Amino acid sequence: MNKVVKTENNHLHASGGLLIPYEVADGITLATLQDQLGYLQEELRLHVEEGQYMHPEDYTETKTKLIPSLQILIKYFGA
């Protein structure tokens with residue numbers, strides 16, 4: 001079981017990790033997922049529209065697995 005301790009600078013830690021509200025954790029997770037989705041979409045756009053090199057396996061995996069998976073996770077986290 002996690003033990004909550006107060007450190008000398010009054011931050012609360014559980015098992016060595018910072019405690020934050022679930023809503024904050026979900027917000028951080030959502031922002032990270034959205035950033036990654038945007039990055040992948042831009043990478044695909046540059047490849048398709050501007051001819052930037054992208055390894056064929058990366059192109060296929062990004063288009064068929066990564067982007068759809070991120071969209072599902074983003075929907076789950078509330079966006």
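K65 and E61 sit four residues apart in helix α2, which means that about one helical turn separates them. Helices here (H or I, at least four residues) and strands (E, at least two) are DSSP runs, numbered from the N terminus. The side chains of K65 and E61 form a salt bridge with the closest N and O atoms 3.6 Å apart; the term stands for a side-chain nitrogen of Lys or Arg within 4 Å of a carboxyl oxygen of Asp or Glu.

A word on the model before going on. It is predicted, with local features needing pLDDT of at least 70 and side-chain atom pairs counting only at pLDDT 80 or more, while totals for chains, interfaces and linings use all residues. Residues are numbered from 1 along each chain as its sequence is written, and side-chain values use heavy atoms, leaving out hydrogens and water.

## Salt bridges

The structure holds four salt bridges, and the table lists some of them.

| Pair | N to O distance |
|---|---|
| E49 and R45 | 3.1 Å |
| E50 and R45 | 3.1 Å |
| K65 and E61 | 3.6 Å |

E49 and R45 are four residues apart in helix α1, so about one helical turn lies between them. E49 is exposed at 58% relative accessible area, and E50 is exposed at 55%, whereas R45 is partly exposed at 28%. In these terms buried is under 20% relative accessible area, exposed is over 50%, and partly exposed is in between (1.4 Å probe, protein chains only). K65 is partly exposed at 47%, and E61 is partly exposed at 37%. Through shared partners, salt bridges link E42, R45, E49 and E50 into one network.

## The nonpolar core

Nine residues make up the largest nonpolar core: L30, L33, L37, L40, L44, M54, I67, L70 and I74. Such a core is a set of buried Ala, Val, Leu, Ile, Met, Phe, Trp, Tyr and Cys residues joined through side-chain atoms within 4.5 Å. Helices α1 (22-50) and α2 (56-76) are the elements that give two or more residues to this core, and α1 gives the most, with five. Setting aside neighbours within four places in sequence, L37 is in contact (heavy atoms within 4.5 Å) with I67, L70, Q71 and I74.

## The aromatic pair

There is one aromatic pair in the structure. The ring centres of Y76 and F77 are 5.1 Å apart with planes at 90°, so the pair is edge-to-face. Rings of Phe, Tyr and Trp (its six-membered ring) pair if their centres lie within 6.5 Å; planes under 30 degrees apart count as stacked, over 60 as edge-to-face and the rest as tilted. Y76 is exposed at 66%, and F77 is partly exposed at 25%.
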